[in-house]
Amino acid sequence: MIDPNEVNNVVKSLLAVTSQSSSKLNIKTYLGVKGMRTVLMEALEETYKTKKELLIIRLNKEDLPELDKTYTERFFNFRRKYKIKSRYLMLKETKFFDDALVEKRIFPDRYESSVGIYIYGNCVSFWFFPAKELILVIENKDLADTFRNNFELMWKNAN
């Protein structure tokens, strides 16, 4: 069950960060596996459209829910066709789909986090999967650029 207070606290914190921003702010929430599929495809489309790399911070060991075979094939065909590159910061035991378009770096287990972060185009999404089956997507150029810069700092310090 999703705790509305937890979501409200995250939103309030993020609104405080973006209140100084001159770019637009759009917040959406997605639930369950259907929401996960929607956000993943939107991330690919936004990455392709903006030509900004897909950056992922997944510092947890829990598996995401399985997606159906048709969706998975569509997702990877889109990535290959448009040569969408991505970089992952992850724990050693985190499962992910490895291919030539993906780079990864490993963080020590002490940095484990229950929230995944995907940075793409002008969006940042916060994945509360699998515990909450909730994804919060914030579209804001300044916020995305800030998270992108933070990712680069983390990338330089990862193995």
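Modeller: Gladly! The expected span of a helix is 1.5 Å times one less than its number of residues. Keep in mind that this is a predicted model. Helix α4 covers residues 141–157, which is 17 residues, and reaches 25 Å from its first C-alpha to its last, close to the 24 Å expected.

Biologist: What makes one side of α4 the buried side?

Modeller: In α4, the residues L143, A144, F147, R148, F151 and W155 are buried. They cover an arc of only 135 degrees around the axis, so they lie on the same side of α4. The face turned away from that side carries exposed residues: N149, L153, K156 and N157.

Biologist: Why is the contact between E152 and R87 called a salt bridge?

Modeller: The cut-off is 4 Å between a side-chain nitrogen of Lys or Arg and a carboxyl oxygen of Asp or Glu. The closest N and O atoms of E152 and R87 are 2.4 Å apart, so the pair is a salt bridge. This pair links helix α4 to strand β3, 65 residues apart.

Biologist: Why is R87 called buried?

Modeller: Buried means under 20% relative accessible area. R87 has 9%, so R87 counts as buried. R87 also meets E53 in a salt bridge, at 3.0 Å from N to O.

Biologist: And what makes K24 exposed?

Modeller: Exposed means over 50%, and K24 has 56% relative accessibility, so K24 qualifies. K24 forms a salt bridge too, with E139, at 3.5 Å between the closest N and O atoms.

Terms used. Residues are numbered from 1 along each chain as its sequence is written. This is a predicted model: local features need pLDDT of at least 70, side-chain atom pairs count only at pLDDT 80 or more; totals for chains, interfaces and linings use all residues. Side-chain values use heavy atoms; hydrogens and water are left out. Helices (H or I, at least four residues) and strands (E, at least two) are DSSP runs, numbered from the N terminus. Buried means under 20% relative accessible area, exposed over 50%, partly exposed in between (1.4 Å probe, protein chains only). The arc is that of the directions from the helix axis to the C-beta atoms.
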